[in-house]
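I opened this notebook to record what I looked up in one structure. The entries follow the order of my reading.

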Amino acid sequence: MKSVKTMKRALGTSILAMVLCVAMLAGTTMAWFTDSVASANNIIKSGNLDIELEYAVLNDDGSFKEWKDVKDSTEIFDKNAQWEPGHTEVAYLKVSNVGSLALKYNLGMNIASETEGTNVYDEKFYLSDFIKYDAIDDVNGETSAYANREAARDAVVEDILLDTAFAQSGSLKAGEVKYLAIVVYMPTTVDNEANFKTGTKIPTINLGINVVATQVENESDAFDNTYDKDAHKLSQDKNGAYLIYDAKDLMAVKNILATVQHGEGNAISFELMADVDMTGYVWSPIDLHWASFDGNGHTISNLNCADDNWAYRSGFAAYVGAGEITNLTLKNVVAKGGQVGIFAGHTESGDIINCNIAGTNALVWTKETGDQNIGNGVGIYAGITVETSSEYSGTIFEDTVIVVSTDGMTNSHNWVLTDYAGAHFNYSNPTVNVTDLRPTGSTTPDVKLDPNSGLIWNGQSGNHKGVYYVFNAADLQKAVTWFAGQSHSNEANTVKIELMNDIDMTGVDWAPWSVMFLTLNGNNHTISNLSNSLFGYAGAVNVNDLTLENVTSKSNQAGTFASSTEGAKFNNCVLKGTNTVTYVDAGKNENGIGAISGVTITSTLNVTIDENAVVIIDKGNIVDTEKTTFESNLYGYKHTTYATNSGTIVNNGTLKIMVSTTAGLINEIKNAPTGSVTEIILADGTYEGNIDITLAAMGKQAGDVVIKAAEGAEPVIAGTVTLGYREQTVGATMYKANVTFDGITFDHANAATHSLDVQDVKSLTLKNCTIIGDGEYGITSARGNATGASKIVDCTFINAGAQLLGNFATGLVIDDCTFNNSRVNVPAGTSVTIQNCEFTGTLTDANVNDSFYFVRSNSTPITVKDCTMSVDSTVTGVAASQAKWYLMANRGTTNWTVENVAVTLTPAALAQTELDVTACTSTGVINTTNLTVNGVVQ
């Protein structure tokens, strides 16, 4: 690798000797062999885990030269570097899975060895206290290095101290490669505390690049890919502590505690290296005896705790004996059992130090313990505490809610209840130091575990009255299962549910909730990643303060919040993310899909579609049935015999409507909802016939419309498209919308009129379109009356014209387009700018009349810049001696600007008698700068 030039050291002459030490840990799988096989084609081979690390050698200009293997003796960094604040070194690495098994890797920098120094303040220090690093993902590949020191430092995402955390974690399938760069630097904020004192020993450090590889679930046997699920191993630091980076790592802790020998004088330790979300996992509480768990200030969230099936202990830990939990925040914990606490079910001489609680948590006593001698207990930090030496300290954050239920629990064996330490022997007095506890008098209900539904509940046995509390995905599924089989036939039996946390439904096979007489209070929480509508049928349902995000819904009745509603009320609800609603033909006579509800019957929907939300609606072959008719893409379809729906759906997002027929195209443009953007996505195919589209119905403001090609599709509109509001003037107001065509071909070669007639839009945008004409007309806008900025970008005109493009109040921009035997004609308007365009044409006997032109106007100021124009001629006979042709014709009173336009005329074109590059037949002038004809400046 190219050496970094030695820099003068302003603070002293500390030398950092950086010698690479590479540690690769490779596991193996077990294989079962036989001494013979029945078929010669059966090959039995062992899988192997093999990871390879290479570093890039660069040329002097910083370009990539070659890759070399990293070995123990490899010196990647400059061992003679004089380190000072701002000094930066970079190594470009390639990690390759060259084995046959998928693997998970962790990569970081560790301290192989280090000597102490003394600074100018006579204080001892280590260079590792000041040098930081980061590993940046997918940097440059095999192309080039960072341009300079500033670029390398700007790429740093996280300042990581040496030997404290891995900077890269990921998975590689067999044969897969990962490129990255390690940036090592001393921050400019370091001062004389790292400046060693003259005459003292020079501090040095040897750094290692540590790559740890472990097996992951990927390969399959005859049943599934989980046979090696227990192969998940944790990496360890130089002191032997097991390092935890994600949920799978955390789930492996219990197995390590069970299989790795530890005890007095041989304690085992774990360190949390990142925040971990346990959504989707059922946590089995761990036993920390002669063991410690250090959270390093990180948070574990959404912990759904089981019990340990011995003393029914539940919490993050079942038992903390000669051990401790430190520097950890737990958020959104649900624990149920006989001994229950957020951090531990039971502690005995164990400590819970500098540990915090956040979010919404539930602690519920559910059953007698297996041994009454060990008693029952529910406490915020621990369910039961034994011995006076236990210490608890930390913060319960201000907005934290803790629901505590001890319903039915009795004290036993001389236990005394406390708030934080749960139950403990009456002679013990654990130290409790908890600050900022939120008053729970009004926020903690008197709850119990409902044995029928499995939900936390504050109601009475034998009825559905009261409130059910939903904390996680499992609770939400329990609610669906339980209430689906119950009778809620009238308002008096209305069920009330409170959502206590955000809930991620990723990986959950969600069956929509079909209920009557239900109140769901979302408490401004979010349910995300539903695999179907939240409700299948919502009858007399009230939903308040709920957000849905990333919903996928497929049915003959489909929506995000509900497949169908009847008498439902949705208040202050929000839709976020990317959502997909798809019609599936089920042969039924009540069909409908919509962004919020598929079929809406006399319901009130007050829902806001977030400004960054997208709703993709695919109506397929849906048709109005005998009982439902289309109302809007927001409400979906309505029942023909019931009143109109009410409420306001505010669409600040984008609706994407999939269309495959001409009728569908017309309908979706007409139905574009007010104040929103509707994207109409055209499938591959030809859309034939004259399409007369009125963009707003009954005098209402229409939403903006984008008509674009589906990915990979090349739709063709083979008729005349007329866009306008010709019958939509209400009083003195003409309602208009912004209209965009993207990736559409307009093919009207056999017609005697235009392909696209734009009338009274707010603005027009054409992007990546092709316009094929009949020799004259392509796009017209005789009465555009556009008040917004209009543009034609990256389009191709073939034997067509951009004709009559007037009435654009803020001007029209034509950019990066190709005109093949096509032209721009602007009789009247504000202004037109034509830039970066290519014009090609051929003069023939058929198109010789009074003039030939690429650009013409009567009274519009035109700017033509950075364009090319080329002309050939096949004109013969009399026409050749009498015709006069203009490439640019200013026939009005305004002045034009022509800059950097190159004209190429073939010999045949040059031979014509009166060929003018520009012409003015009125008082207007064409001012030219760098206009050339065949290289000659005009």
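With which residue does K656 form a salt bridge, and how far apart are the closest N and O atoms? I found that K656 pairs with E679, the closest N and O atoms being 3.8 Å apart. K656 lies in strand β55 (residues 654–659) and E679 in strand β56 (residues 677–682), so the pair ties together parts that are 23 residues apart in sequence. I noted the terms: a salt bridge is a side-chain nitrogen of Lys or Arg within 4 Å of a carboxyl oxygen of Asp or Glu; strands (E, at least two residues) are DSSP runs, numbered from the N terminus.

Before going on, I noted that this is a predicted model, in which local features need pLDDT of at least 70 and side-chain atom pairs count only at pLDDT 80 or more, while totals for chains, interfaces and linings use all residues. Residues are numbered from 1 along each chain as its sequence is written, and side-chain values use heavy atoms, with hydrogens and water left out.

Entry on accessibility. Buried means under 20% relative accessible area, exposed over 50%, and partly exposed in between (1.4 Å probe, protein chains only). I read K656 as partly exposed at 24%, whereas E679 is buried at 14%.

I counted 7 in the structure. One of them joins K767 to D742, with the closest N and O atoms 3.8 Å apart. K767 belongs to strand β67 (residues 763–767) and D742 to strand β64 (residues 738–742), so this pair ties together parts that are 25 residues apart in sequence. K767 is partly exposed at 36%; D742 is buried at 17%. I also looked up E150 and R149, whose closest N and O atoms are 3.9 Å apart. E150 is partly exposed at 46%, and R149 is partly exposed at 37%.

Entry on a sheet. I traced an open sheet of 6 strands in the order β3-β2-β4-β11-β8-β9, with antiparallel pairing. Two strands pair if DSSP finds at least two bridges between them. Strands β3 (64–69) and β9 (160–161) stand at the edges with a single partner each, so one side of each has no neighbour in the sheet.

Entry on β4. I found 5 bridges joining β2 (residues 51–58) to β4 (residues 88–97), with E54 partnered by K94. Strand β4 also pairs with β11 (residues 177–185) over 9 bridges, and V95 stands opposite K178. In β4, 10 of the 10 residues are buried, so this strand is largely enclosed by the rest of the structure.

Note on methods
Helix = DSSP H or I, 4+ residues; strand = E, 2+ residues; numbered from the N terminus.
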